[in-house]
Amino acid sequence: MAQPQSEPEATTSGYLDFEEIKQRADVAQVLAHLGYEDKYKVRGKEFVMWCPLGSKTHGKKDSLAINSENKKYQCFACRSKGTVIDFVKIEQGLHIRDAASLIQRLTDGEKPEVEKPNTESEDTNEIREALEDVKERLDIAVADFLEEVNQCKVMIEEIQQNVS
Ligand SMILES: [Zn+2]
């Protein structure tokens, strides 16, 4: 039986050599594809950028470094680390196989579709913003309260000194 033309789909359901995909991956290409083209700085072998992975706040520091040679990344803020495949997996909210497949197709010159995991509705964003607001107010309230407590302590000490 004649073999049909090799279909690109075959790679997604077939065997994926993660090691080979990792080795062939072009970090700059992957980052560009995910929309971080102008978000990183190149320092030697490393691509340094703000970490999009952690759910916790990362501040504004560039805490993520991706090594273009060994294709490994590490974030010193959220402690996330792994290979470029893991990075795509987490960033895209994909299964590891789909992440590997995406990189493979990218390396092979295809333009696989990137679906941002941000399927959050505007409502979710509003709730998140409201929550941030409440947190901020709470922080201020706690700071004010502690300040008040300290002042009371000082007053108590002064009164005690006057009594004795
Ligand atoms: Zn991080």
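**Helix packing and positive phi angles in a predicted model**

Helix α4 (residues 84–92) packs against helix α5 (residues 96–107) in this predicted model, at an angle of about 115° and with axes 8 Å apart.

User: Which term describes the orientation of α4 to α5: roughly parallel or roughly perpendicular?

Analyst: The two helices pack at an angle of about 115°. Angles of 65 to 115 degrees fall in one class, and α4 is therefore placed in that class relative to α5: roughly perpendicular.

User: How many residues of the contact of α4 with α5 are nonpolar?

Analyst: From α4, the residues Val84, Ile85, Val88, Lys89 and Gln92 take part, and they meet Ile96, Ala99, Ala100, Leu102 and Ile103 of α5. Among these contact residues, 1 is charged and 1 is polar, while the nonpolar residues number 8.

User: What is the distance between the end C-alpha atoms of α5?

Analyst: Helix α5 has 12 residues, and at 1.5 Å a residue it should span 16 Å. The separation of its end C-alpha atoms agrees with this expectation: 16 Å.

User: Is lysine 71 buried or exposed?

Analyst: Lysine 71 lies in the loop between β3 (64–67) and β4 (72–75), and its phi is positive, near 60°. A residue counts as buried if 20 or more other C-beta atoms lie within 10 Å. Lysine 71 has 22 such atoms within 10 Å, so it is buried.

User: Is arginine 79 buried or exposed?

Analyst: Arginine 79 is in the loop between β4 and β5 (81–83), with a positive phi near 65°. The cut-off for an exposed residue is 12 or fewer neighbours. Arginine 79 has 9 C-beta neighbours inside 10 Å and therefore counts as exposed.

Methods
Residues numbered from 1 in each chain as written. Predicted model: local features only at pLDDT ≥ 70, side-chain atom pairs only at ≥ 80, totals over all residues. Axes fitted to C-alpha atoms, helices over the stretch in contact; angles between N-to-C directions. Helix = DSSP H or I, 4+ residues; strand = E, 2+ residues; numbered from the N terminus. Parallel < 35°, antiparallel > 145°, perpendicular 65-115°, else oblique. Contact = placed C-beta atoms within 7 Å. Nonpolar A, V, L, I, M, F, W, Y, C, P; charged D, E, K, R; others polar. Expected span 1.5 Å × (residues − 1).
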